[in-house]
Amino acid sequence: MRLMIALTLILMQVEGDIVVIKIDPLSLWTRMKGSTGISNNYPPVEDCNLLLEDSEISSDSCKGKGKVDAECKHAHHRSCPFPEKGFCYGDSTFTGEAVHLDPIGPASCNLVDPYLAAASDLLHADFCSGQNELNTALGRMCALISSFPSKRPTGRIVAISEMSPRRDAVVGYLNVKQWLSYRELCGKDAKNNKTSLLLSNREYIHLTPTDPKFPKMMVLVNGMPDCIRKRLEKGDSTVEMELVAAQIAEWDEESPVPQARILRSFGRGSELKPQINAILFENAIPSPEFSPELLSSLPSVPWEVPQEEFESRIDLRNLCIFTIDPSTATDLDDALSIEKLSNGNFRVGIHIADVSYFVLPDTTLDTEALIRSSSVYLLQGKIPMLPPPLSENLGSLNPGVDRLAFSMFLDINHGGDVVDRWIGRTVIKSCCKLSYEHAQDIIDGIINGEIYNALENGHPQLHGHFEWPYVIRCVKSLHEISKILKEKRFNDGALRMESSKFVFLFDENGIPYDTMLCEQKESNELVEEFMLLANRTAAEIISRAFPSCALLRRHPEPNMRKLREFEAFCCKHGLELDTSSSGQFHQSLEQIKEKLEDDAVLFDILISYALRPMQLATYFCSGDSKDTEGDWGHYALAVPLYTHFTSPLRRYPDIVVHRMLAAAIEAEELYLKHQRMLQKHIRGESVAIRCFTGIHFDRDAAESLEATNCNERELASRHVKDSCNKLYMWALLRRKQMLFSEARVLGLGPRFMSIYIQKLAIERRIYYDEVEGLTVEWLEATSTLVLNLCPSNKRSSRRVTTGKWKALEDVAFVVSPYDLEAELGVLGGNSNEQVGDTLVAAKDLEAISQFDTSKSEVVPGFFPLTLHLLSTIPVSLHPVGGDDGPIDIGVRLYMSSYLR
């Protein structure tokens, strides 16, 4: 549960600390920003620079492939992972997993006007689920907040009960030049006094963390690693340009700043590899290497299925089974098959790699997999959960080789209903590895059996006795059924949000040089529908068999306060929105999409807003939530039970679910054997379902401790992905030096505007208050902003200022209408140059010379610039930081003017 409370902070807390708070009396609570005292009046999204000016805090810690989570259509592997020349970034598609994570910092030091959660959202939390809970402190607090929704609770942090692991994962830059200047002064004094200059045990250097949520820290020079300390003693100032890993060693109550310990240097901040290593360190991602002891425990390669497995499993090697994955995928978790039955129904086979056969409980391999919990996918590589010999060979459903699998056969009628099912352990042999592109060509009719047979290159190798015409018919049949399943799923109330996605294009050195749109294909949706169905089926089975310890996955309903803000935003712009259920929400968004078919950018903005109320899907143990079974469901999928079963090569929870399924199947078979009911028809043959002997099932495997670890590791994996996206955007801009784009205004106010840049699918701010040579006129009544140039020796006097005025070039890239290209060649290297009547920074001239403005479709704006909400404006993007600080993507207005 989250209570949004404005807190008075003590000095020693950092983000992620679990803190003890003391709530102020009701009389001291402040009124909500934008509130008029009416309980259902929530601040509209567009008011006062949106809600982006605010941040939230929570009194608890932030706990929360190739192949995509079945709920998330375009994460990682399923949505064009590792293409030969590009990688898809951004999780703009939402079906419950790819959610917008708010910057919630449990003990953040950057708090500005936190907002209170809506009463109905709080009452929906577990702590407020029953009448008896009102007798508890939190229950009474919920009731009080519900009674005064226009009030914001206030309080103060009085203690830290549990310190965050983030204290041990600090990344930053050392302020070396300041220390070297100090040493130089000391050296002069020592020389004058004819004494030697020794390194004092009390000398320290300031450390500036890259994460602004951390305060500046001090580091004792004598405590640094030898390699860094020796460089400092020699006066090497380049240390300041390197990213370093640190941990908070001490932070006494009397000290205004913490003392940190440097662990190592990652390297220059302007290089990709050090930045990526720093991201992995911050998120506690383990090394991609595995210990020799662990690797020696794996079966030797080449490996063959033991004979005893053929005796205890169903042999499906003669069934036409194939995989559909990205062309560069190496860990193949799932495969599909299909047969038409005599009654007209289809029997769809969903075959998942039986990783639990290799990853036995309480082994070194199992412990390592649990610690990692998830494979981490970078834009040009991955850090696997399991050793590559297992994830890419022994356990991967590679074509043409015998592999162990968990198979699920679902008999589906023409209405998309599952009328019968069977699940068990099998031996399969995939006949081919299809890429999404191959499958899409088959769906579109571009490729048929005759063409495939005629091709020598460019198509996958076919193994076994199968022919391409039969494989192609299977793909088309699966596609037709997947469309029925998709339609039925959305008719049953599922929700999906998707917007534009992009691919980075890399050169031969792995440096991004451009981006391009990445379109969702029907072949992606084909696989997704069957994976969703398999996960739902697995959840139903394990929750019935083990109601007290099933490992499930839930997705809570949206944050009501943020949802109402989104509703208010849509209402103001004449867009009808019904959020009474996930299904109605989806239908409303589809109708808005049709209405805005000529304005795709605005629809992308709406989707980004719609994602904000969505909460994070998490794993949980059913035994820990017996009293709240109503909260077990998955909001976006609109199903009462859900889990993860289909990706055991990259997710540890799937391995746990496999073990539970094996135990459930064994128990069921023992019961049926006792009842003499061991006959079942599979593929038209009468066979006996055999007992899976020797199955080890440990009920402790689904305890909440493991669920919590899996949630934390999953969140860390997402943070790595998001950070890598930002890093490669920065690298792309660093290569181009400057990039022009159009942007849409999301929020306006007297100090700054918030904008959405579709080219990179990011949001940024432009601050324009207190700028030399710029006048700002904010018309409150009409929410209109007017920016204009004024003589550089004049300043706006609209209000009392801090005296820290920014240069115009920090806010706007102003060019002359004259042809710059003709004049660039004669310009010198001074800090600033006069181009026509416009003063342009030398660094901007260099950027322009490398970026051909004649090829840009973006036209600069003109002063005076008049803006309203959702106005389109031209902007200039440039890289910030690297060697001299944290990386970021800077944005300025792109303007043209004869006057300066």
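Are Glu529 and Arg489 buried or exposed? I looked this up in the predicted model, and found that Glu529 is buried and that Arg489 is buried as well.

**Entry: the Glu529 pair.** I then checked what the two side chains do, and they meet in a salt bridge, with 2.6 Å from N to O. I placed Glu529 in helix 13, residues 522-545, and Arg489 in helix 12, residues 468-491, so this pair ties together parts that lie 40 residues apart in sequence.

**Entry: the Asp769 pair.** Next I turned to Asp769, which forms a salt bridge with Arg751, the closest N and O atoms being 3.9 Å apart. I noted that Asp769 sits in the loop between strand 29 (762-767) and strand 30 (774-779), while Arg751 sits in the loop between strand 27 (739-747) and strand 28 (752-757), and that the pair, 18 residues apart, links distant parts of the chain. For Asp769 I read a relative accessibility of 9%, and because buried means under 20%, Asp769 counts as buried. Arg751, with a relative accessible area of 32%, is partly exposed.

**Entry: the Asp888 pair.** I also looked up Asp888, whose salt bridge with Arg764 has its closest N and O atoms 3.4 Å apart. Asp888 belongs to strand 38, residues 885-896, and Arg764 to strand 29, so the pair ties together parts that are 124 residues apart in sequence. At 30% relative accessibility, I recorded Asp888 as partly exposed.

How values were computed: Residues are numbered from 1 along each chain as its sequence is written. This is a predicted model: local features need pLDDT of at least 70, side-chain atom pairs count only at pLDDT 80 or more; totals for chains, interfaces and linings use all residues. Side-chain values use heavy atoms; hydrogens and water are left out. A salt bridge is a side-chain nitrogen of Lys or Arg within 4 Å of a carboxyl oxygen of Asp or Glu. Helices (H or I, at least four residues) and strands (E, at least two) are DSSP runs, numbered from the N terminus. Buried means under 20% relative accessible area, exposed over 50%, partly exposed in between (1.4 Å probe, protein chains only).
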